[in-house]
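Have it open beside you while you read.

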Amino acid sequence: MIYFAQAGAYTRADDAEAQRAKLALLGVDARVSERDQSGRTIYRVRVGPFDARAQADTMLEKLQAAGVDSSLVRVERQ
């Protein structure tokens, strides 16, 4: 299992990039990824991957302390 801290999911790429830039100002390296969901493209802003849940939890705490609404995402290893 690998973990990500997701700091938003947007329908507009510009909104996702704005969130990524905001995180960069906090010293957080985030990436924007696209996903098709119900026929619409969703732009996800994620930090990671982390091999351990504890690492992801630490990042979530940092993001939430900075006022960034975020959540844990678990992904099965391929």
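1. Ground rules. This is a predicted model, so local features need pLDDT of at least 70 and side-chain atom pairs count only at pLDDT 80 or more, while totals for chains, interfaces and linings use all residues. Residues are numbered from 1 along each chain as its sequence is written, and side-chain values use heavy atoms, with hydrogens and water left out.

2. The sheet. Four strands make an open sheet in the order S2-S3-S1-S4, paired antiparallel. Strand S2 (30–37) and strand S4 (71–75) sit at the edges with a single partner strand each, so one side of each has no neighbour in the sheet. On average, neighbouring strands are turned by 45° against each other, direction ignored. For the terms: helices (H or I, at least four residues) and strands (E, at least two) are DSSP runs, numbered from the N terminus, and two strands pair if DSSP finds at least two bridges between them. Axes are lines fitted to C-alpha atoms, for helices over the stretch in contact, with angles from 0 to 180 degrees between N-to-C directions.

3. Strand S3 and its partners. Strand S1 (residues 2–10) pairs with strand S3 (residues 40–50) over five antiparallel bridges. Ala5 stands opposite Val47 of S3, and Gln6 has Arg46 as its bridge partner. On the S2 side, eight bridges join S2 to S3, again antiparallel, and here Arg31 has Arg46 as its partner. S2 and S3 form a hairpin with two residues between them, and Ser38 in the turn has a positive phi of about 55°. Eight of the 11 residues of S3 are buried (under 20% relative accessible area; exposed is over 50%, partly exposed in between, with a 1.4 Å probe and protein chains only), so S3 is largely enclosed by the rest of the structure.

4. Helix H1. Which residues of H1 are buried? They are Ala16, Gln19 and Leu23. Seen down the helix axis, the buried residues fall within an arc of 60° (taken from the directions from the axis to the C-beta atoms), so they line one face of H1. That set packs against S1, S2, S3 and H2, with contact meaning heavy atoms within 4.5 Å. On the other side of H1, Asp14 and Leu25 are exposed. Just after H1, Gly27 takes a positive phi of about 85°.

5. Leaving aside neighbours within four places in sequence, Leu63 is in contact with Ala5, Ala7, Leu23, Val28, Val68 and Ser70.

6. Arg44. Is this arginine buried or exposed? Arg44 is found in strand S3 and is buried, with a relative accessible area of 18%. Not counting residues up to four places away in sequence, Arg44 touches Gln6, Gly8, Ala9, Arg31, Val32, Ser33 and Arg35. Arg44 and Gly27 are 17 residues apart in sequence and 18 Å apart in space, C-alpha to C-alpha.
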